Amino acid sequence: MKKVINVGLLGMGTVGTGVVKLLTANSHNYEQKVGAEIKIKTVLVRNPDKVRAIASEAKITTDIQDIIGDPDIDIVIEVMGGESPAKDYQLAALKAGKHVVTANKDVMSKYGRELFAAAEESSVDLMFEASVGGGIPIIRPLKQCLAANNITEVMGIINGTTNFMLTKMTLEGVDYNSVLAEAQRLGYAEADPTADVAGFDAARKIAILASIAFGSRVTVDNVHVEGITGITPEDICYAGELGYIIKLLAIAKDSENGIDVRVHPTLIPIDHPLASVNNEFNAIFVRGDAVGETMFYGRGAGELPTASAVVADVIDVARDIHHGVSSRILCTCFENRPFCPIENTQNSYYIRILVDDQPGALAAIAGAFGLQGVSLHSVIQKSQIGRFAELVLITYDVNHLNIEHAIDTLKGMTVVNQINSVIRVVKE
Ligand code: NAP
Ligand code: HSE
């Protein structure tokens, strides 16, 4: 049995620094749990001259071969981010017989199948708890604790940056650019924050969760994605007046038309459990046929919360190494299920439009919606802007195609000056 389990760390940014801090501060505790010492032997970075937030006894290198080619290194932690070269490094580590722990959803959501095959081939572990939900346990619960269930739905807030932004915009009126800069400063945002605000980070995460939940491979290309870039202070304010709050939701449902998987901003009622999930916190509902509804809540981003999930995976792998077992739970995508096209989904919608403030305008708009089979739940005139009136409409549940056709019709009407926002609404 090994007395020391050596780790190679790829990346020492926000998450990597947290990993070093935890493995330094709690080493005695981990040694008791594992039965062997976990030691960071080598750290790969891009810029070796950068002043690091924490000193480590480990060797700093810019050459991946110092880790992949080192027979004493048992576990490789990949917290560099991005697709390339992270995917190639993970693959090389697995092929070299090293266990891999990663927080990288870009890689796991796209190359999961290939990486699992390599892990199986080499009889090693591949763990990725931190890739979704930061510090919240969600991968392990889905793969293990809820394994007795048929999962029918996974839904929630799974991007810390946008939740932080929407919270500050809603509660403090902070403007979009300032609050994005603050999320970057706090280490929540991706290296390119477009992934956060355009919804792709959440899409990658829901692809990972849906793959595990439904036992069928879902990649980011299968996810319908809308981000928060179009959300304005007006929408946030009007939503509030109507009793709603705007959140970026990720939804995966096992529907009769196939797997329905999407990410989009959503108006949710103020008394909905997700309405009070604020700042960088995430919350994920999972519905199973045996357990019913479960909810997972915690910090979805940040140095130590994310490192908590990474190090827990490292401890798990180290236990496996110590007991001479490996690759107990690898790919769980046993099916090849169809997808539900976005056109077949049903939702209520919030629509904000600017129309000519003249007699008959409202009737013409209501008529256009009616012709496309869209029934209006409420219509409110919000403000007068010159010769225009701003209208806020909420529809009943309607097919996605019908709302698209209704919007196309509105765009061609002379009384309609501008369609400002179209956002889905969750009623309960
Ligand atoms: P980060 O702060 O940008 O750190 C990236 C680190 O990787 C840096 O140390 C960088 O080196 C190193 N690196 C990048 N490209 C490299 C290359 N080609 N060769 C060698 N080293 C390279 O990123 P992070 O926020 O820690 O995120 C890391 C991963 O965790 C990402 O996959 C991210 O999606 C995921 N994640 C992050 C969070 C979070 O809250 N931040 C939460 C969950 C998951 P230098 O320091 O020399 O530049
Ligand atoms: N950028 C991600 C977020 C980090 O804001 O949720 C955690 O995965």
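## Ligand sites and strand pairing in a predicted model

The side chain of Asn-104 makes a polar contact with the side chain of Glu-78 at 3.1 Å; a polar contact is a pair of N or O atoms within 3.5 Å, and within protein one must be able to donate a hydrogen and the other to accept it, while residues adjacent in sequence count only if both atoms are side-chain atoms. The model is predicted: local features need pLDDT of at least 70 and side-chain atom pairs count only at pLDDT 80 or more, whereas totals for chains, interfaces and linings use all residues. Residues are numbered from 1 along each chain as its sequence is written, chains are lettered from A and ligands numbered from 1 in the order in which they are written, and side-chain values use heavy atoms, with hydrogens and water left out.

Asn-104 belongs to the loop between strand E5 (99-102) and helix H5 (105-122). Helices (H or I, at least four residues) and strands (E, at least two) are DSSP runs, numbered from the N terminus. Asn-104 has a relative accessible area of 3% and is buried; buried means under 20% relative accessible area, exposed over 50%, and partly exposed in between (1.4 Å probe, protein chains only).

E5 is also part of an open sheet of 6 strands with parallel pairing, in the order E3-E2-E1-E4-E5-E6. Strands E3 (59-61) and E6 (126-127) are at the edges with a single partner strand each, so one side of each has no neighbour in the sheet. Two strands pair if DSSP finds at least two bridges between them. Within this sheet, E1 (residues 4-10) and E4 (residues 73-78) pair in the parallel sense over 5 bridges, and Asn-6 stands opposite Ile-73 in E4.

Elsewhere, E11 (residues 281-288) and E12 (residues 292-299) form an antiparallel pair over 8 bridges. A hairpin of 3 residues joins E11 to E12, and Arg-287 faces Glu-293 in E12.

Two ligands are present. Around ligand 1 there are 24 residues, the closest being Met-12, Asn-47, Arg-52, Glu-190 and Gly-302; a residue is near a molecule or strand if one of its heavy atoms lies within 4 Å of it. The residues around ligand 2 include Lys-105, Asn-159, Gly-160, Glu-190 and Gly-300. Helices H7 (160-171) and H10 (200-214) each supply at least two residues of the shell around ligand 2.

| Ligand atom | Protein atom | Distance |
|---|---|---|
| Ligand 1, oxygen | Arg-46, backbone N or O | 3.0 Å |
| Ligand 1, oxygen | Asn-47, polar backbone atom | 2.7 Å |
| Ligand 1, oxygen | Gly-302, backbone N or O | 2.7 Å |
| Ligand 2, oxygen | Thr-161, side-chain N or O | 2.6 Å |
| Ligand 2, nitrogen | Tyr-188, polar backbone atom | 2.7 Å |
| Ligand 2, nitrogen | Asp-196, side-chain N or O | 2.8 Å |

Taken alone, ligand 1 exposes 900 Å², of which the protein buries 87%. Ligand 2 has 250 Å² of accessible area on its own, and the protein covers 94% of that area. Accessible areas come from the Shrake-Rupley method with a 1.4 Å probe; for residues, only the protein chains shown count as cover.
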